[in-house]
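Visitor: I would like to learn how to read a structure such as this one. Please take me through it step by step.

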Amino acid sequence: MIASGLLTPSSAAGRVIKITIYTFFLLSLQAYVIPRLPYPALRIDLLIPLMFAVAVEWSPFCGLLWACLWGFVVDNFSGEFWGLHVGTYALAVCLVNLVSERFERQNPGYQMVLVGCCAAGQSIALGLFLSFVPMDLQSLTSIWVGLGIRTLFSVTLASFIIYPLLNPRSEF
Amino acid sequence: MKYFNTDGWVRRLRGLILVLIFITVFLYIFSLNFRSSSKMDVLQRSVTETVSPPLRMFGKIFSGIEELSSQYIWLKNLRSENELLKRQVAELESKVTSYQEAFIENQRLRRLLDFKTSSKAETLPAQVVMHDLTGWFQTLMVDKGFRDGIAPDMPVVNDEGVIGRVLDVSDRHCRVLLITDQGSSVDAVDQRNRVRGILSGKDPNGCLLKYIRSNLDIREGDLVITSGKDGVYPKGLRLGVIQAAYKDPVDLFQKIEVKPFVRLSALEEVLIIKQSGVGLDVEEEGQPPIAGPEIQPPAQASPAAQAVTEPAAGAKPVAKLPATAASKSKTVTKPQPAVRTRTSPHPQTKPAAQVGTGTITGAKPVAKPPAAAASKSKTVTKPQSTTHTRANQFLGAPPQMIPRAKSQTRPLGNPQPGSQDQANPRNAGER
């Protein structure tokens with residue numbers, strides 16, 4: 001919807017507006033829909049795939065800036081484990097820039113692999129953070145299983161989240 | 001010039017500066033993990049104050065859609081639900097009448113007993129702006145900040161019990177750490193036998209009561225309240241109910257799971273207590289002191305004693321904190337089996353002096369009842385109103401007592417023949 005119609009970007013400003021609106025939309029979903037999901041395993045990070053699209057679309061510097069900005073916003077509203085989201089989003093941008101010459105960025109398979117790598121990294125960091133608190137084996141297992149499923153779920157949804165920004169019919 | 005390429009140098013230098021800037025930014029953000037709870041810094045505040053309003057607007061739209069769907073789409077059980085509610089209203093109306101009587105009686109007895117009025121804590125209603133974005137941490141953002149006089153470590157409650165405490169404060173918003181967060185610790189006490197422990201978060205739906213020795217008597221259904229010893233939460237606020245207690249023969253401590261009273265995932269309004277720490281006790285006076293295993297009640301207490309000390313199953317025992325008039329118009333105080341636990345944990349077996357171990361300087365001596373009605377009068381002479389009243393005063397709400405069970409509404413004086421007390425088979429059994 002955002003990728004076509006009035007907001008079809010033909011200029012740099014149009015692209016910025018489009019990505020900003022889409023980022024805000026995803027952030028809103030992250031704030032009001034994701035935390036309400038009944039199972040922790042379903043609580044994915046919607047902004048990781050977005051950072052993939054941003055990295056493809058913009059220069060590394062702008063991508064990193066965007067990643068830091070929104071990572072800080074998400075960290076700020078989480079209030080714990082500062083740096084988790086900034087780090088993950090920056091990792092996503094760097095990773096995409098590193099491998100962009102070898103990967104076909106429109107290919108959903110590659111998108112899923114890269115987003116999966118970032119989501120896995122985030123899940124591992126999150127799991128280690130949550131494991132700081134001593135807990136029994138059952139709780140620990142449930143956390144790690146949940147994080148594993150979360151990663152897989154992120155991989156599954158990655159292409160759908162990236163699509164509005166990087167679809168082939170889009171002008172960029 | 002052949003060996004010195006200016007463009008290359010500039011490019012490298014620029015890249016290096018960018019990397020340094022990024023590392024600095026990341027280190028700054030990461031360093032926020034190690035700071036103590038305080039007022040948010042400029043960057044945090046600007047992000048919070050800028051992003052919160054539009055996100056909140058989206059939240060309202062989302063709630064509107066949700067409400068619309070729940071109102072107009074899910075109507076299949078509306079008729080039966082309506083009839084059920086009508087029946088409930090009729091029942092409740094009749095109950096309200098009897099409770100009003102109890103309230104008047106409560107007022108009269110309060111005057112008779114000359115209770116001291118507790119200090120009134122100032123509370124501030126706040127709306128939840130959003131829950132933790134990731135869903136993995138147990139924090140939420142509310143719409144009151146230091147401009148409203150909020151400071152870190154202020155307790156946050158609602159009418160059901162404790163929610164958490166203020167973690168960080170921005171201009172018009174503050175972050176609340178819920179009691180279910182793994183980083184949260186509350187000094188808690190089992191209301192039945194005054195065993196103390198630390199309540200920590202376990203997962204979004206539960207907490208753990210830690211450091212309770214295996215030889216102590218913890219039972220499923222026991223009420224867990226704040227002890228007031230941690231300097232953050234006032235004494236006597238309801239935390240949760242013990243869901244399960246596991247004793248491992250090789251472990252020094254029990255594993256006790258506590259279910260919080262508050263449904264933390266569906267919070268919309270909260271109440272911030274603007275004074276935290278000591279001196280805001282919600283509990284009644286003359287309560288046995290909090291202690292460890294020394295004052296554990298005997299395992300084989302008399303049935304009467306058990307009946308007195310055990311909270312009724314399914315009942316919400318301690319002070320049900322009322323929302324202020326600003327936050328909720330319906331300020332109903334719920335009754336307390338907790339009141340019953342004001343009696344000595346060992347009503348028949350130990351005198352009050354032993355329980356106190358000589359440390360209760362402010363405790364009132366318990367009048368020894370006539371031998372014939374010992375158990376009865378112990379229950380009766382502990383005024384049920386105390387907890388409610390002080391809790392109400394504490395939160396600035398009108399004192400209103402609505403006992404939950406019939407046995408709690410009985411007159412606090414000596415029961416007359418044929419009174420409700422005698423009609424209650426359980427009480428009759430006690431006697």
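Visitor: How many residues of chain A are in contact with chain B?

Guide: Two residues are in contact if their C-beta atoms, placed from the backbone, lie within 7 Å. By that rule, 32 residues of chain A are in contact with 32 residues of chain B. This is a predicted model, in which local features need pLDDT of at least 70 and side-chain atom pairs count only at pLDDT 80 or more, while totals for chains, interfaces and linings use all residues. Residues are numbered from 1 along each chain as its sequence is written, and chains are lettered from A and ligands numbered from 1 in the order in which they are written.

Visitor: Which helix of chain A gives the largest share of the side that touches chain B?

Guide: Helices (H or I, at least four residues) and strands (E, at least two) are DSSP runs, numbered from the N terminus. Helix 1 (12-32), helix 3 (60-78), helix 4 (84-99) and helix 5 (108-130) of chain A each supply at least two residues of that side. The largest share, ten residues, comes from helix 3 of chain A.

Visitor: How do the residues of that side of chain A divide into nonpolar, polar and charged?

Guide: Ala, Val, Leu, Ile, Met, Phe, Trp, Tyr, Cys and Pro count as nonpolar, Asp, Glu, Lys and Arg as charged, and the others, Gly among them, as polar. On the side of chain A that touches chain B, 21 are nonpolar, seven polar and four charged.

Visitor: What does the secondary structure of chain A come to?

Guide: Chain A has six helices and zero strands. As for burial, a residue is buried if 20 or more other C-beta atoms lie within 10 Å of its own, exposed if 12 or fewer, and partly exposed in between, with C-beta atoms placed from the backbone. Buried residues make up 44% of the 172 residues in chain A.

Visitor: Which strands form the closed barrel in chain B?

Guide: Two strands pair if DSSP finds at least two bridges between them. In chain B, six strands form a closed barrel in the order 1-2-5-4-3-12, with antiparallel pairing. Strand 4 (residues 161-169) and strand 5 (residues 174-178) of chain B are joined over five bridges. B:V169 stands opposite B:C174 in strand 5 of chain B.

Visitor: What is the mean pLDDT of chain B?

Guide: pLDDT is the predictor's confidence in each residue, from 0 to 100. For chain B the mean is 67, and 58% of its residues reach 70 or more. Over residues 282-431 of chain B the pLDDT is below 50. For the complex, the predictor gives an ipTM of 0.75 and a pTM of 0.57.
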